[in-house]
Amino acid sequence: MASNRKLLVLPGDGIGPEVVREVLRVVDWMAKKRSVSFELQEGLAGGASYDLHGTPLTDETMADAVDADAVLFGSVGGPKYDDLPFELKPERGLLRLRKEMDLFANLRPAMVFDAMADSSSLKKEFVSGLDILILRELTGGIYFAEPRGIELLPDGTKKGYDTNLYTTPEIERIGRVAIDMARKRRGKITSVEKSNVMMSGVLWREVMTDLFAAEAQDLETEHMYADNCGMQLVRNPKQFDVIVTDNLFGDMLSDCAAMLTGSLGMLPSASLGAVDETTGKRHALYEPVHGSAPDIAGKSLANPIAELLSFSMALRYSFDMSDDADMIDAAIERVLATGKRTADIMQDGMTAVSTEGMMDSILGELDKAV
Ligand code: IPM
Ligand code: MG
């Protein structure tokens, strides 16, 4: 079937290939039951690419990613690669994709499914109904800025250093995404930095303040130090709607927010580039927030829901298929409500299912929905 939906699939390492394989069953289901087809291409990333090609991402795969309408990513990394030189580590493949596709806006929703409110490390009343969005700047800051390095000092010791650097346009463009997202949600933005200690933080607050004054008068906006934000996330997470922050703080705060929801195995993310004025398209990569979990890889224990929700985000943000995304999200809700649980979210009285078993149930619910 002809299709103009090019999806590059990069399963990666660890549990990545297992959860991606399950999601491809849904892609298949959509072709059969909804007559929606994707032009699928599969590639290697991370350790899997290193094993075959000696690099965590080949130039060919990089070009395929730029050419695709969306990339569905699994996860990368594992202890097998711990001793590789820094530039060859599996994570470098992912960072190259983010940088060269210019995926500056990383959306990490943290929501608590009704059926899961008991599994949070916080009391149920603090998290039930929780729905926040961490918007992380993804192509700047300390992850990429120069200078960085490890150097030998005259006394024989070494110094290791990184640079946290943001420019006005970089802060403005992520700020505008926050404004756009908050307008579609509950209308509140919390901009997070450490302007009490960092110059990049002083600029971040200054630029966000000006931007909000000029373009977000209709929204509730506030500024918060990153350490306080970490504390507030565990104290009273429901005070937040959209949290916009830099690359490093976003990395940490999104893990913290993810844990509040009861399982890292349930959370998707989208990394988006700017919309091209002429084509209306944007580069995009979708990946679960969980990592490669090498300890459970190959045991059918992984939860495929985060990867499936990542695909659902791809339907929403890259393919303009919100109805299908809603249908998938609802099927997941219903399966959770029937008590099916993979190991990571297992609780007393629930039914344990494998990675495949979870997807069997979701496909069963999807069948009922059409
Ligand atoms: C994440 C991960 C990555 C990051 C790693 C795998 C490079 O922790 O996506 O949050 O630090 O950005
Ligand atoms: Mg992280």
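In these legends, two residues are in contact, or touch, when they have heavy atoms within 4.5 Å of each other. Please keep in mind that the model shown here is predicted.

**View 1. Ser 49 and the residues it touches.** Ser 49 sits in helix α2, which covers residues 47-53. Leaving out residues up to four places away in sequence, Ser 49 touches Leu 44, Gly 54, Thr 55, Pro 56, Leu 57 and Thr 58. Is Ser 49 buried or exposed? Its relative accessibility is 0%, so Ser 49 counts as buried.

**View 2. Leu 8 in strand β1.** Strand β1 spans residues 6-12, and Leu 8 is one of them. With a relative accessibility of 1%, Leu 8 counts as buried, because the cut-off is under 20%. Beyond residues up to four places away in sequence, Leu 8 touches a list of residues that includes Gln 41, Glu 42, Gly 43, Thr 61 and Asp 64. Also among them are Ala 65, Ala 68, Ala 70, Val 71 and Leu 72.

View 3. The chain is divided into domain 1 (1-104 + 273-370) and domain 2 (109-263). Their C-alpha centres are 24 Å apart, and 20 residues of domain 1 are in contact with 23 residues of domain 2. Now find the largest nonpolar core, which has 65 residues; Phe 38, Phe 311 and Ile 362 touch the most other members. In soluble globular proteins, nonpolar side chains tend to be buried together.

**View 4. Helices α8 and α9 side by side.** The axes of α8 (residues 226-235) and α9 (residues 247-260) come within 10 Å and cross at roughly 5 degrees. Angles under 35 degrees count as roughly parallel, and α8 and α9 are therefore roughly parallel to each other. From α8, the contact uses Ala 226, Cys 229, Gly 230, Leu 233 and Val 234. From α9 come Phe 249, Leu 253, Cys 256, Ala 257 and Leu 260. How many of these residues are nonpolar, polar or charged? The contact has 9 nonpolar residues, 1 polar residue and no charged ones.

**View 5. Thr 190 in strand β8.** Thr 190 belongs to strand β8, residues 188-193. Its relative accessibility of 0% is why Thr 190 counts as buried. Setting aside neighbours within four places in sequence, Thr 190 is in contact with Glu 222, Met 224, Phe 240, Val 242, Ile 243 and Val 244.

View 6. Start with Pro 147, in the loop between β5 (131-137) and β6 (149-152). A cis peptide bond joins Glu 146 to Pro 147, with omega at about 0 degrees. Next, visit Ser 35 in the loop between α1 (16-34) and β2 (39-42). This residue is not glycine, yet its phi is positive, near 50 degrees. Ser 35 counts as exposed, at 54% relative accessibility. Finally, Ala 293 lies in the loop between β12 (284-288) and α10 (305-317). Phi of Ala 293 is also positive, near 40 degrees, and at 23% relative accessibility Ala 293 counts as partly exposed.

Technical notes. Residues numbered from 1 in each chain as written. Chains lettered and ligands numbered in written order. Predicted model: local features only at pLDDT ≥ 70, side-chain atom pairs only at ≥ 80, totals over all residues. Heavy atoms only, no water. Axes fitted to C-alpha atoms, helices over the stretch in contact; angles between N-to-C directions. Helix = DSSP H or I, 4+ residues; strand = E, 2+ residues; numbered from the N terminus. Parallel < 35°, antiparallel > 145°, perpendicular 65-115°, else oblique. Nonpolar A, V, L, I, M, F, W, Y, C, P; charged D, E, K, R; others polar. Core = buried A, V, L, I, M, F, W, Y, C linked by side-chain atoms within 4.5 Å. Buried < 20%, exposed > 50% of the residue type's maximum accessible area, 1.4 Å probe, protein only. Domains from an automatic or database assignment.
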